[in-house]
Amino acid sequence: MIAEQLDGTRIAITGSTGFVGTALVERLLRSVPGCSLVLLIRGGKRGAPERARREIFKNDAFDRLKEELRETAEPFDAMLERRVITVNGDVSTDGLGLSEADRAIFASCDVIIHSAAAVAFDSPLDTAVEINLLGPTRVAQTLNDMNVTPHLVAVSTCYVAGNRRGNAPEELVSEGPFDLGLNWRKEVAAARRLRSDTEAASRLPEQLREFRSDARKELGAAGAPALASKTEHIREKWCTDQLVEAGRARAASIGWPDAYAYTKALGEQALMETKGNVPVSIVRPSIIESALAEPRPGWIRGFRMAEPVIISYARGLLTQFPGVPEGTVDVIPVDIVVAAIIAVAAMGPEHAPRITQVASGGINPLKYKTLVDNVRTWFTEHPLYDAEGQPIVVPEWQFPARGKVQQQLKRAKTVVTRTERALQALPLRGTQATWAAKLEERKHDIERAYEYVQLYGLYTECEAIYQVDNLMKVWDSLPATDQAAFNCDPRSVDWPKYVTTIHLPSVVAHARVKSTPGKNRNDRADRLRRNVLSPERHVAAFDLENTLISSNVVESFSFLATRRLNMPERMRYVLRTLAQAPGLSSMDRKDRADFLRYFYRRYEDAPVAQIDEDSKDLLTQLIITKSFPAGMRRVREHRALGHRTVLITGALDFAVAGLKPLFDEIVAAEMTVRPDGTYSGELAKVPPTGETRAQVLADYCKAEGFLLEECVAYADSTSDLPLLECVGFPVAVNPETRLAAIARKRGWLVEEWEKAPGGPRPLLPIGTMLSERERKRTFVGSAPRSRF
Amino acid sequence: MPRPGFVLEVDRNTPPIMFWRGEGFSLEKLPAGRSRVIYAPEPEKALDDIDGAIRHALLNPYDHDPLPALMFPGMKLTIAFDDVSLPLPPMRRPDIRQRVIEAVLDIAADAGVDDVHIIAALALHRRMTEAELRHAVGDRVYDAFAPHGLLYQHDAEDPDALEYLGATPQGEDVEINKRAANSDLLVYVNINLVAMDGGWKSTATGLSSYKSLQHHHNPKTMEASRSFMDQHKSELHKSNWRMGKVLVDSGVKVFQIETTMNTDTFPKPFDFLSKREWEWNAKDRASFIGVSAALKRTPNRMARNIFHGIEAPHQMTSVQAGEVGAVHKVTTENVYRQQLVEVQGQTDILTMGIPYICPYNVNSIMNPILVMCMGLGYLFNMYRGMPLVREGGVVIMTHPTPIEFNPVHHPSYIDFFEQVLSETTDPYVMSQKYEKSFAEDEWYKHLYRTGHAYHGVHPFYMWYWGSHGMQHCSRVIIVGGDVKAVRRLGFTPASTMDDAFEIASDVVGRTPTISHLHAPPLMVCDVK
């Protein structure tokens, strides 16, 4: 009896936050009540126990166990307290990064189940090598160092057999007929070298220039810190991409579908070489999919290999998929894998087979055509819906060659990318910008589908049939009660039933796709808006231009400068300004602060008294005329809720003075005044733009004792990114394309505010004509009719 | 001799009738045999010697000493005048107010009075622009007074410029402009376009504050004013008269100058708008077709500018001065003489074309709330005796009702439309729940005081104007109105007049009787 054999044992598990790991923890806790667990988890920022709580025990896999324990003397949390120890550890460092105390705990284990792996198809080569290749060896090494010999059960994959046709028996690749005689130590050294070479290459001046220019393209004038962080991010991404590509190329060159299978294969070899006295059993599942029955039918964690492809197909993104209809898709439900691992562990090192493959292909194959037909039928009956609430019709599957599908996706991507670039070059705002952001999402979808097709295609090409003789031996050795409690028989899966009643419903539920008809109600925006307008918030910070009003500093200058001009002078002014417009706007795009400094020099010699007098009309004639009433309303809603309201703008203080009653604090640009009562045209301090805005708000909060996490910020462009990023509740107002994309990705509230419908639309931002007498009025420090 | 008002019984030979639709119009065929169209009396002849008449009125006032006898050197003189909401459309220069004010200033100058303030009595209306002030008082007066800060606008939110004078026996607070209250003489220059204007409403409303206004500008008083055009049956007026008594008792000396106008409303080429359809000649028909076709191709904004550019040829028909009550009695008679039309009995349906203008959107936009106010607040109340439509009947208006607002003039209207009307259209509920927060909003106050915005509470007052109409009718239909806007107002949208009759048939059956109020030009129906 498995439960009895494992009674009183202490079992260590690596990779418990993964798909198999979580299922394993759940199953052991529920079905082997006598065992205790040691979970080796990479601590990260939060620390191992917190990660275990959040990422393992909060998972819905434990719902069943929690329910079962509810009525008992020992509820779930108490049971965890008694039976589970979490230790900080990392299989990608030598000695597993264990503290002394944790080493002792680890040494006291009877069974070690090593299921940690870099399973992502896009793992960089060095990561895959460190985790998949060296991970098992490090575990064995640590045990050897401590002179203990628990039973090490290493989880590998069937695909270590590589791209081959025909039977793949349960033996080490290095002992089989197709061995290339690879030296795993050399592979490790090469991968590490590649990492340092790539890092070095990424720091070459021409590369850095490119990264910087890409960052600027994405963010615009967001200020130096934001740009620097983005550039570094792009550089890191570039390195990763290089190493992913290197992994793929290396794997393909020596006959494995991808870096995962290749590093796993060498990992087995390395483990066998270095295990010393530690008894090792290897369990090799094939493609693991949602649970057949335990803890509940359809349970799945993460969005895995086949699911994105299926969803892409159901969403109409993928009309074709490579593969031969009579080919086998080797899929195995997660609970069968978990049961097999536990059974192997329970048999002990003496009796357990050295290698156990858990696969369906050799004994109960799922034909590709069966899968495809079932998927199509199911989605015809249960279609997904597009944003308009219309059902998406799934196409007939053609089984074309792989190249054709990739070509199709590539073409789609090219079209979308070009459209996107064209849109980003346009000065779009609001709804159109949101549309462009949607396009970017679509590009992302296509890219993902493309990568999955690339990868999954490789797997479908792999026509190996995995033998399960050892698994069957394990199965036959189990008594009937264990066979009932720990089903590890691949023959028990009825594929059509599994696909249509268990797997697909679970995939759809996980995929966050629209599976009900009718238009989307914008629940998300409502929820976000409620958060923003919650009494708990402290401060609401607003940008001015294009956030509260659709105007800019050039317009307010034009208004003030033309106020006292006669008609011909006005016309000359307008023509001159129009001629300068392209230069000004390009300067503004490069650096806002520089632009403001340059532009405000035009106020040089302007008499303060005249500006003050004329600014009075600015509120009515320019600001209110061009304001977004919903924005003004929002400011007042914040005030009514007791929030402090702050206006942070690069506009000059006198131009926004009329907005004082709306704000507790106005932070604006200020010009120095000369003794003769005229403006100098020079700013008194750095104008609040870009990252300065974030600093201004942070300083304000600190001085007034507020928390940035409880602040709301409203802004319209990526140059305000630092401000938006520093608060807990960012709101993108009428965002330009790039900000719309960012807001969408990060789930920020997006508001579309418009000018009052039907309101006056002055053609040119020039002041209304004054009477002759008023026009000729003189002010201290100015010649009559000063145009400054 | 101008022809009196006229009620046309529609028969098979009656041509289609013109309906206003904002900045446009349409011709509608009304059902024969059960419809009637009410036309205003033709414009009376204007006074020949206007300046002479003004001087005569100032020297021969009712129940009051002549104006020169009231002036003495060193006195404080304040002249208050009606704001931009009167007259409609704005009149051609020179404005009546300019003529009267100049006459008063002449007398003051002769008497050696040098402490003179001129105040626009705008209550909670928007401040007038320089151009509007110049139009009303004339360049000469403006340039002589405005630069010295002696010509300015009443500020109902400036605590230092208001004086509390006490309360009426009913507990109504009386608070008016401090300068006006403390002057040795307050001369009020009025334009009486309709019977509702003038009297104690000039000072007690035009120069007062929210504190005072809320006592009569509320749903209860408004609903009990049957109608505003009949002073003796209007609670609004009774309250103003009680406040007037407080003014007199506290020593405020008012010399009221009231003027009346004829109904010569539209200049060429729009003069056909005042004519009776069957009397249209070939030129009128051509004008109608031409103007309609042109308007259809004109963008809204431009059409609005064209109409708001109209200056009416209407002119003064009478002027009288003296003690408020005595003067107003004569004024009302003069207004009725021009505007009263005798109508027999009520009908099931009242139809009205809503024009592009009402008192609150001069040089601005007729937003949905003002459409409601113009229909149910003003045109519905153009009666004496009883309403034109029976209780439980239906009002059908024609107007495009676009969701358009002037953000400078009507900022609180936008929020009223979005926040209040989306929740309730009941005047009582909104007055309880929202009025205070709008009235006391700092931002609205700021815009009212420094910009050209109506006071925050003003949209509520507009809504209250309609309370009597809303309570009286069982359904209101707007033909050609923006569906979303009309529903928000709590009314029913209809695409054509026939559809509107069809919708109304739920309430009034298939063969209802119909009255069409052919206004403007304005008239008051004496319903017997």
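The structure is a predicted model, in which local features need pLDDT of at least 70 and side-chain atom pairs count only at pLDDT 80 or more, while totals for chains, interfaces and linings use all residues. Residues are numbered from 1 along each chain as its sequence is written, and chains are lettered from A and ligands numbered from 1 in the order in which they are written.

**Chain A**
- Chain A has 29 helices and 21 strands (DSSP runs numbered from the N terminus: H or I of at least four residues for helices, E of at least two for strands).
- Of its 788 residues, 48% count as buried (20 or more other C-beta atoms, placed from the backbone, within 10 Å of the residue's own).
- Among contacts in chain A between residues at least 6 apart in sequence, 76% join residues at least 24 apart; a contact requires C-beta atoms, placed from the backbone, within 7 Å.

**Where chains A and B meet**
- Contacts link 18 residues of chain A with 20 residues of chain B.
- On the side of chain A that touches chain B, α24 (608-624) and α25 (629-640) each supply at least two residues.
- The most comes from α24(A), with 4 residues.
- The residues of this side of chain A divide into 8 nonpolar (Ala, Val, Leu, Ile, Met, Phe, Trp, Tyr, Cys and Pro), 6 polar (the others, Gly among them) and 4 charged (Asp, Glu, Lys and Arg).

**Helix α4 of chain B**
- In α4(B) (residues 130-137), the buried residues are L133(B), R134(B), H135(B), A136(B) and V137(B).
- These buried residues pack against β5 (76-82), α3 (96-110), β6 (115-121), α5 (139-145) and β7 (151-153) of chain B.
- Just after α4(B), G138(B) takes a positive phi of about 90 degrees.

Methods: Buried ≥ 20, exposed ≤ 12 C-beta atoms within 10 Å, placed from the backbone. Contact = placed C-beta atoms within 7 Å.
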